[in-house]
Amino acid sequence: MRRNSFQIGLSAAGLLISFLTTSSYAAKSSRSSGDDGSPLTVVIDAGHGGHDRGGIPGQRVAEKDMNLDVALRLRNILSANGYNVVMTRSSDVFVPLGGRVAIANSYRNAIFVCIHFNATPRSGASGIETYFYSRESLPLASAIHYYVAGGAPSENRGVRRRGYFVLRRTNIPAVLVECGFLTNPTEAAYAQSASYRQRLAEEIAAGVRRRNTVGSGFGTTRVATSESIPLQPYMDQTNVSSSKKSRTKHSHKKSARKKKSSSKKSDSEASAASRNREG
Ligand SMILES: [Zn+2]
C-alpha cells in the first residue's frame, strides 16, 4: 500500500508539473513549429531493421516490418499535407540508435516520431503506449496518444515518461509510440491488416497536425473549444529500481532506468519487453 501511495504521489507530482509547464512549452512549440510559414520537418523513425528484428525471441510477426510499413504510410500522409518528411530508414536496414539521433538533431524546426510495436511473453498483454522524455515533448506525446489510443480498438495504456536513448538524446520534441502488442493474437492480427496500419498512420498524423492544440488542463486559463486536445496524464517511469534491474539484462544503450516496482503485472511486463529493445 505504501508503494501505491508513493506512486500516486509521483503521478500527481508529474501531473502538476505538466500542468504548470505545458502552457509555456505549447507557446514555444507553436513559435517553432512551422506556423510561421516554413514547413515543419517530421523525422520518422521506424524502429529496428536489418538484423534487428525487434520484439522478443520467437515472435512470429517481425516488429521491424510493421514499424516500417506504418512509418512509410505516415510519410505519405504527412508529405501530402505539406510537411517536410525525413526517414531514418525507408527500407529493411539496420540504423544504429546514434545514427537515428544524429539525423533528428541535424534539423531545426522539427519533431521526431518513433514507430514501434510492443512485445511481451504473456500473450494477453495488449494496448497502446506513448513515450516521451523531455517536457517539451509532452504536448506532442499527448496529441499522438490521444488519436492513436482513441482510434485503435486496443486498451489505452497511457502516456509514459521514460529515458529511451532516442528520446533522451534528441534535442527536438520526440515521441515513441507503441502501436500494440505483436505478441497478442488479436493485436497481431490487426497489425497484419494493411487497412489497420493505414489507420494507425492516419491517427499518428492527426496527432502531429494537432500537436499545438493540447490543453493545459486549466480550463480557466484558455478558452475551451472543441479543437483542444486534453493533456494526457502520464506515468513517470524514469526512476531506477535496482531490485528489478538486476533481474533482467540490459542489452542495449538506452537508459538503464526503470520504474519502481509496479503493482500491475501488465506494467512490469511492458517494462520487461521494452528493455529488450529500444522501445
Ligand atoms: Zn521496438
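Visitor: How are H2 and H7 oriented to each other?
Guide: In this predicted model, H2 and H7 are oblique to each other. The axes of helix H2 (residues 63–80) and helix H7 (residues 194–209) cross at roughly 50° and come within 8 Å.

Visitor: Which residues make the contact there?
Guide: On the H2 side, the contact is made by Asp69, Val70, Arg73, Leu74, Ile77 and Leu78. H7 contributes Arg197, Gln198, Leu200, Ala201, Glu202, Ile204, Ala205 and Val208.

Visitor: Is the H2 crossing of H7 right-handed or left-handed?
Guide: H2 passes H7 in a right-handed crossing.

Visitor: And how about H4 and H7, what is their orientation?
Guide: H4 and H7 are roughly antiparallel to each other. Their axes cross at roughly 150°, where angles over 145 count as roughly antiparallel. The axes come within 7 Å, and H4 passes H7 in a right-handed crossing.

Visitor: Which residues of H4 and H7 are involved?
Guide: From H4, the contact draws on Ala143, Ile144, Tyr146, Tyr147, Val148 and Gly151. From H7, the residues are Arg199, Leu200, Glu203, Ile204, Ala206, Gly207 and Val208.

Visitor: Stepping back, how many helices and strands are there in the protein chain?
Guide: The protein chain has nine helices and seven strands. It consists of 279 residues, of which 45% count as buried.

Visitor: What share of the contacts joins residues at least 24 apart?
Guide: The figure is 78%, taken among contacts between residues at least 6 apart in sequence.

Visitor: Which residues touch the most other members of the largest nonpolar core?
Guide: They are Val42, Val113, Ile144, Val148, Val175 and Ile204, in a core of 63 residues. Helix H4 (residues 138–151) gives the most to this core, with nine residues.

Visitor: Pick Val175. What does it touch?
Guide: Leaving out residues up to four places away in sequence, Val175 touches Val113, Cys114, Thr130, Tyr131, Phe132, Ser137, Leu140, Ala141 and Ile144. Two of these partners, Val113 and Ile144, are also named with Val175 among the core residues that touch the most other members.

Visitor: Changing topic: where is Phe181?
Guide: Phe181 is in strand S6 (residues 174–181).

Visitor: Why does Phe181 count as buried?
Guide: Phe181 is buried because 32 other C-beta atoms lie within 10 Å, and the cut-off for a buried residue is 20 or more.

Visitor: What does Phe181 touch?
Guide: Not counting residues up to four places away in sequence, Phe181 touches Asn118, Ala119, Thr120, Ala125, Ser126 and Glu187. Ser126 is 55 residues from Phe181 along the chain, yet their C-alpha atoms are separated by 5.4 Å.

Visitor: Now the loops. What is phi of His48?
Guide: Phi of His48 is near 65°, a positive value in a residue other than glycine. His48 is in the loop between strand S1 (41–46) and H2, and it counts as buried with 26 C-beta neighbours inside 10 Å.

Visitor: And what is phi of Asn109?
Guide: Phi of Asn109 is near 50°, again a positive value in a residue other than glycine. Asn109 lies in the loop between helix H3 (97–105) and strand S3 (110–118). With 16 other C-beta atoms within 10 Å, Asn109 is partly exposed.

Visitor: Arg108 is in that loop too. Is Arg108 buried or exposed?
Guide: Arg108 counts as exposed, with 10 C-beta neighbours inside 10 Å. Its C-alpha atom is separated by 8.7 Å from that of Leu40, 68 residues apart along the chain.

Visitor: Where is Pro233 found?
Guide: Pro233 is in the loop between H7 and strand S7 (234–236). Pro233 counts as partly exposed, with 15 C-beta neighbours inside 10 Å. Pro233 and Val159 are 6.7 Å apart in space, C-alpha to C-alpha, and 74 residues apart in sequence.

Visitor: Last topic: what is the mean pLDDT of the protein chain?
Guide: The mean pLDDT is 80, and 69% of the residues reach 70 or more. Over residues 1–34 the pLDDT is below 50, and this stretch has 43 contacts in the model beyond near neighbours in sequence. The pLDDT is also below 50 over residues 242–277, a stretch with 60 such contacts.

Definitions and conventions
Residues are numbered from 1 along each chain as its sequence is written. This is a predicted model: local features need pLDDT of at least 70, side-chain atom pairs count only at pLDDT 80 or more; totals for chains, interfaces and linings use all residues. Helices (H or I, at least four residues) and strands (E, at least two) are DSSP runs, numbered from the N terminus. A residue is buried if 20 or more other C-beta atoms lie within 10 Å of its own, exposed if 12 or fewer, and partly exposed in between; C-beta atoms are placed from the backbone. Two residues are in contact if their C-beta atoms, placed from the backbone, lie within 7 Å. A nonpolar core is a set of buried Ala, Val, Leu, Ile, Met, Phe, Trp, Tyr and Cys residues joined through C-beta atoms within 7 Å. pLDDT is the predictor's confidence in each residue, from 0 to 100. Axes are lines fitted to C-alpha atoms, for helices over the stretch in contact, and angles run from 0 to 180 degrees between N-to-C directions. Angles under 35 degrees count as roughly parallel, over 145 as roughly antiparallel, 65 to 115 as roughly perpendicular and the rest as oblique. A crossing is left-handed if the near helix is turned anticlockwise from the far one by less than a right angle, and right-handed if clockwise.
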